[in-house]
Protein chains: 2
Amino acid sequence: MIRRFRFGNPIETDSIPEKPPVTEEALPYFDVTEDGTELRLPLGASRVYGLGEQVRGINKRGWTYTSNNSDQPHHTETQHSLYASHNFLLADGLDTEEGRLPVRFGVYFDYPGAVTYDIGYTDTDQMRISFPDANYDAYIIDGEGDLDIISQFRALIGRSYIPPKWAFGFGQCRWSYMSEDEVRGVADGYQKNGIPLDMIYLDIDYMKDYKDFTVNEETFPDFASFVQEMKKRHIHLVPIIDAGVRIEKGYKTYEEGVADNYFCKDEDGKDFVAAVWPGKVHFPDFLNSGARRWFGDSYRFLLDQGIEGFWNDMNEPAIFYSEKNLKRFFEKIESYKGKNLDIQSFFEMTGLAAGLANNEEDYRSFYHDMDGIRVRHDRVHNLFGYNMTRAAGEAFERNVPEKRILMFSRSSFIGSHRYGGIWMGDNTSWWSHMKLELAMLANLNMTGYLYTGADIGGFGGDTTPDLVLRWLALGIFTPLMRNHSAMGTRYQEAYRFGHLDDYRNILRLRYALIPYIYSEYMKAATENAMYAKPLAFMYPDDARAAEIEDELIIGNEILIAPVMEQNKTGRFVYLPEDMRLFRFRSADDFDTEDLAKGDHYVKCAVNEVLIFVRKGHMVPLAKPADSVDQIDWNDLTWIGYPDGKETVYELYNDDGETKDYDPAGHITRIVKRGSDL
Amino acid sequence: MIRRFRFGNPIETDSIPEKPPVTEEALPYFDVTEDGTELRLPLGASRVYGLGEQVRGINKRGWTYTSNNSDQPHHTETQHSLYASHNFLLADGLDTEEGRLPVRFGVYFDYPGAVTYDIGYTDTDQMRISFPDANYDAYIIDGEGDLDIISQFRALIGRSYIPPKWAFGFGQCRWSYMSEDEVRGVADGYQKNGIPLDMIYLDIDYMKDYKDFTVNEETFPDFASFVQEMKKRHIHLVPIIDAGVRIEKGYKTYEEGVADNYFCKDEDGKDFVAAVWPGKVHFPDFLNSGARRWFGDSYRFLLDQGIEGFWNDMNEPAIFYSEKNLKRFFEKIESYKGKNLDIQSFFEMTGLAAGLANNEEDYRSFYHDMDGIRVRHDRVHNLFGYNMTRAAGEAFERNVPEKRILMFSRSSFIGSHRYGGIWMGDNTSWWSHMKLELAMLANLNMTGYLYTGADIGGFGGDTTPDLVLRWLALGIFTPLMRNHSAMGTRYQEAYRFGHLDDYRNILRLRYALIPYIYSEYMKAATENAMYAKPLAFMYPDDARAAEIEDELIIGNEILIAPVMEQNKTGRFVYLPEDMRLFRFRSADDFDTEDLAKGDHYVKCAVNEVLIFVRKGHMVPLAKPADSVDQIDWNDLTWIGYPDGKETVYELYNDDGETKDYDPAGHITRIVKRGSDL
């Protein structure tokens with residue numbers, strides 16, 4: 001049951017396609033302050049889940065989180081905001097009618113500004129949710145446990161994005177591969193070493209002067225041919241699109257945006273100027289339907305050259321500096337000069353420099369035209385990246401309606417999950433960020449982001465060979481599987497570290513698992529279910545399972561428990577039911593161990609992958625292939641843990657390109673008897 | 001067996017009090033490059049331990065570490081240097097004479113500049129150690145396993161520092177308690193709530209304008225009386241001393257240093273100017289014996305007012321900026337002004353601002369007078385903090401020879417362990433930094449730093465109530481036990497969070513354990529043994545024990561396994577032998593469980609502490625007391641795990657103040673039969 005409660009006069013976010021009517025009842029569970037800007041909930045023993053892309057564990061208790069989309073590459077425990085705002089939570093409520101027994105409920109706050117969730121931080125025993133102003137819709141979702149509540153919520157927000165099948169392959173990225181030749185070298189590095197690959201991502205340097213919808217013709221002299229050359233090698237090129245449009249006379253996108261008044265405005269009604277990678281830019285006003293249509297149609301420049309996938313970046317939006325703020329900085333610096341700088345002034349000065357980027361003041365100094373309504377940016381800040389992705393998604397629907405286009409974004413807000421996936425932002429080559437990915441996977445799945453994954457090996461900082469290998473062993477279970485690293489850091493393609501067999505075997509296992517991963521993804525997407533689930537949801541009566549934050553249920557058949565610490569050759573695992581462990585050295589070299597529900601220490605060398613299959617379940621394995629389109633779905637083998645009865649699996653398959661997702665036409669029910677497994 | 005190998009013409013560090021003669025043999029185990037600046041060692045399956053204060057785990061494989069003392073508060077996995085340089089390692093060597101079987105050996109590089117240890121980072125299978133120049137002594141230590149090698153090494157470098165007994169109590173710190181009244185408030189906060197406390201630390205604001213050896217007379221109007229007032233309350237005040245001496249006409253320390261030529265010089269022979277907390281400062285030339293004597297004697301200003309303990313800070317030395325570098329920064333900024341700043345220039349500019357502090361160029365621009373030899377600072381950089389601590393330690397020996405004075409430092413180099421302890425630097429309120437403390441404890445004990453501990457609750461960033469509680473539960477086993485937090489962060493004294501019983505019970509358990517902690521510390525210090533040991537050392541034939549990095553053996557009788565993750569009520573533990581678990585809710589409320597060698601999941605609520613006692617061992621518990629001097633050593637109870645035979649414990653006790661450490665006079669052999677336990 002979903003009830004909608006209204007406070008004040010909310011700004012429309014379009015995150016809910018079809019809204020239930022507003023109820024006149026009082027908001028249950030929470031104490032609401034008189035002005036409506038703060039809600040309080042006693043926490044009791046409640047575990048709190050949700051918030052999608054955020055720091056810390058699956059259970060969000062014990063910290064303060066703010067929905068405030070931020071270009072924040074330091075994903076440490078003390079951050080409060082990352083690139084996304086996903087205002088959905090699961091908690092216990094005291095149902096007064098039922099005698100104050102805790103009942104599980106979900107809540108979604110449809111509000112486009114900064115919301116703060118103090119979940120037992122200030123007061124261990126209380127949650128406090130606060131809004132800058134009391135204009136929001138709150139949706140309370142009651143149901144039969146977490147999975148049911150999530151399923152209702154997901155139905156409310158609409159079906160999650162479905163990418164083309166090839167996007168379930170492995171992709172390699174770097175900021176940046178600078179030329180055709182460098183890209184060819186990466187393709188060679190994989191293909192000559194027999195390591196499968198489906199995508200090479202193009203970061204900002206494929207463009208001319210970082211201008212969206214241009215290609216640098218010196219380094220990519222015949223882009224359309226190059227796209228075809230790569231496609232013949234079964235590799236899709238996936239270029240980046242940035243939010244800011246370079247101010248440059250004669251540059252088509254700039255000229256069009258100015259002419260049609262499609263850019264965000266400053267206080268004086270002039271096109272707002274910020275600086276990002278291209279230097280000075282204007283921001284397309286993605287909150288305006290006309291601007292959205294115009295910008296979305298611009299992707300045709302690349303679609304027409306054979307491109308079938310994109311990633312949208314810098315769309316929080318990131319701002320390196322604004323003209324106004326930089327001027328103020330220089331003035332302040334001037335006032336220090338020659339003075340006997342005291343230490344406080346020194347820190348003020350270095351703080352000013354550090355504070356130029358993504359300055360909150362800048363976000364208060366430009367405006368949107370929401371189809372006739374002028375709104376200051378900060379009030380709708382979290383909608384910006386969402387509507388950039390929506391601009392692209394709606395345009396693809398218009399321009400190539402028959403075809404799935406790969407699309408994922410850095411910034412997001414619930415609603416954008418219908419138009420694309422997200423990656424988990426600019427992480428670092430830290431073991432702790434591998435753990436963070438696992439936790440985020442669970443919380444992102446709750447909020448509708450199924451096509452997601454972290455930058456494997458870590459984006460910032462230098463990686464290590466073992467971190468890449470272990471992270472790949474987690475990454476083979478994430479729908480979006482991409483290795484990505486930043487300029488100036490160690491190269492981390494899978495063929496860079498010697499011990500080639502280890503990297504090859506793990507990536508070939510990914511491809512063997514694609515029938516399973518794709519089936520489970522498609523079923524989760526079409527049924528508003530979760531692809532990656534915390535154990536707590538599957539085993540709600542198991543107190544031990546409730547605390548597990550380093551294992552996940554992937555799809556419906558398997559549990560994963562990756563090794564996420566350096567210099568370890570095994571780990572502890574809690575199994576919430578009897579399972580069969582498959583310890584893979586490669587897709588066709590594994591041993592098995594039947595393990596009873598309970599605690600186990602399992603060995604897992606740095607080149608091994610553990611898959612735990614539930615009793616009575618089975619999983620298809622394809623023969624290893626070099627790309628997704630070369631997988632033979634008619635030649636599957638099965639691994640499983642028969643329980644004496646028939647073992648059934650519903651295999652979903654389709655052409656991977658068109659948009660007919662009707663399960664009836666695509667699901668095959670496979671039945672095996674024990675002796676067949 | 002210890003052999004000393006000489007390369008080139010080393011600078012004297014005084015880290016080894018009595019050196020064995022140089023051997024003419026070739027350096028074993030390593031391949032040495034012709035110029036002697038790089039050593040290579042095949043790693044095989046070797047676990048590598050050592051390096052003292054460094055990032056990452058107990059086993060150092062898989063990263064690059066540089067000995068380069070750094071004011072680096074971001075202790076993330078991608079750092080290479082922290083505040084200390086401890087050039088001691090344990091690894092496997094191939095002993096050619098014995099048929100190339102791996103043998104365990106230790107190596108100490110006596111070299112005062114930057115040494116880089118690439119331990120399987122570039123090449124998974126190889127260690128590469130490199131020096132800027134080939135002037136160093138290498139000590140190779142062969143022995144019967146890790147503990148024996150360490151014991152030999154520790155004998156070589158001399159007995160570890162021993163603090164007064166009261167320094168094993170709990171201390172509270174904050175940057176800063178600004179006045180007598182604020183300090184009284186903290187004392188009240190503890191004592192009125194029945195929470196024991198022995199020390200309150202005074203951070204930089206107790207001084208007048210951050211001048212060493214001054215007191216702000218407005219906020220601490222009668223310091224000597226205040227010291228006595230606190231002592232009557234059983235609380236020692238422990239003031240900070242910074243490395244930089246403020247440039248101020250008429251300020252005694254400044255005038256003396258200038259007059260006697262005791263400050264470091266710039267290229268032109270003038271006193272080198274840097275900026276730190278006090279503004280412009282000179283650095284005492286701690287590498288000069290005269291300057292050391294002078295600066296050490298200056299502590300008398302505070303000793304004379306009743307102070308009995310100090311902490312030395314900012315002695316890497318930290319440099320916020322140098323005059324020369326700041327000038328260059330302003331010039332550069334000037335050149336940007338008015339220009340249409342391109343993005344590269346923008347990042348250059350913000351990079352310049354961020355790079356002003358602790359700039360390597362500054363470390364190459366001043367000089368020491370090493371008793372007649374002029375040496376550029378960067379060549380002996382890692383000796384600076386060490387010799388500040390030594391200055392104090394040698395002065396205490398001269399001025400108060402009969403008395404132990406508490407002394408610990410931020411920066412260190414092997415050698416300073418004889419004069420004081422260290423704390424683990426400016427950490428952050430991260431759960432991962434609790435894990436880092438546990439790993440560092442092990443590696444610091446190897447290198448002679450027994451009196452050590454991390455800032456409990458985390459120094460930077462806002463802490464959480466559960467993090468403080470869990471961290472205290474680890475901290476009760478560290479000799480230096482201090483809660484410390486930075487300006488601008490959440491207050492985190494143990495009485496700040498409600499649930500007072502939980503904090504009180506854990507801290508009272510610390511005091512109940514002090515007879516054990518003190519005994520084990522004194523035995524470890526006097527026998528060149530480790531107080532905190534990785535399981536790998538105690539159980540060298542146990543492959544599982546070898547990988548455990550979240551448990552430690554404390555002293556000789558117990559194993560600890562703290563919960564170091566949020567929202568958990570238990571954890572996995574591997575026990576390398578049969579043990580009895582004592583699960584403490586308070587010093588006199590616990591339950592027990594006998595656990596066999598092997599894997600266990602054990603419950604541990606947020607207010608509980610786990611102590612695992614080895615079979616056949618026992619541990620004394622004192623009655624809880626409000627301060628160390630109120631502990632009744634004649635009224636001990638015992639917890640243990642009898643094995644049917646007599647259980648023996650060697651209890652060390654002394655007056656805690658004088659320097660007679662002869663075990664014969666202080667050890668009582670306690671024998672219990674099973675029925676007494």
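By what turn and what shift along the axis can chain B be laid on chain A? The legends below take up that question and then move to the sheets.

This is a predicted model, in which local features need pLDDT of at least 70, side-chain atom pairs count only at pLDDT 80 or more, and totals for chains, interfaces and linings use all residues. Residues are numbered from 1 along each chain as its sequence is written, chains are lettered from A and ligands numbered from 1 in the order in which they are written, and side-chain values use heavy atoms, with hydrogens and water left out.

**View 1. Chain B laid on chain A.** A turn of 180° and a shift of 0.0 Å along the axis bring chain B onto chain A with an RMSD of 0.0 Å. That is the relation of a two-fold axis. The superposition is by least squares on the C-alpha atoms of residues with pLDDT of at least 70 in both copies.

**View 2. Where the two chains meet.** Chain B gives 61 residues to the contact and chain A gives 61 residues; contact means heavy atoms within 4.5 Å. Of the interface residues of chain B, 100% are also interface residues in chain A, so the copies meet through the same surface. Between them the chains bury about 5100 Å², with 57% of it on carbon and sulfur atoms (accessible area, 1.4 Å probe, that two parts lose on being put together, summed over both).

**View 3. Polar pairs across the interface.** Here the rule finds 25 residue pairs in polar contact, both residues at pLDDT 80 or more. A polar contact is a pair of N or O atoms within 3.5 Å; within protein, one must be able to donate a hydrogen and the other to accept it, and residues adjacent in sequence count only if both atoms are side-chain atoms. The count of salt bridges between chain B and chain A is zero (side-chain nitrogen of Lys or Arg within 4 Å of a carboxyl oxygen of Asp or Glu).

**View 4. A parallel sheet in chain B.** Nine strands form an open sheet with parallel pairing, in the order β26-β25-β23-β19-β14-β13-β12-β28-β27. Strands are DSSP runs (E, at least two residues), numbered from the N terminus, and two strands pair if DSSP finds at least two bridges between them. Look inside the sheet for B:I240, which stands opposite B:W311 in β19(B).

**View 5. An antiparallel sheet in chain A.** Six strands make this open sheet, ordered β29-β30-β31-β36-β33-β34, and their pairing is antiparallel. Its edge strands are β29 (532-533) and β34 (589-595) of chain A. Two bridges join β31 to β36 of chain A, and A:I558 stands opposite A:V613 in β36(A).

Methods. Helix = DSSP H or I, 4+ residues; strand = E, 2+ residues; numbered from the N terminus.
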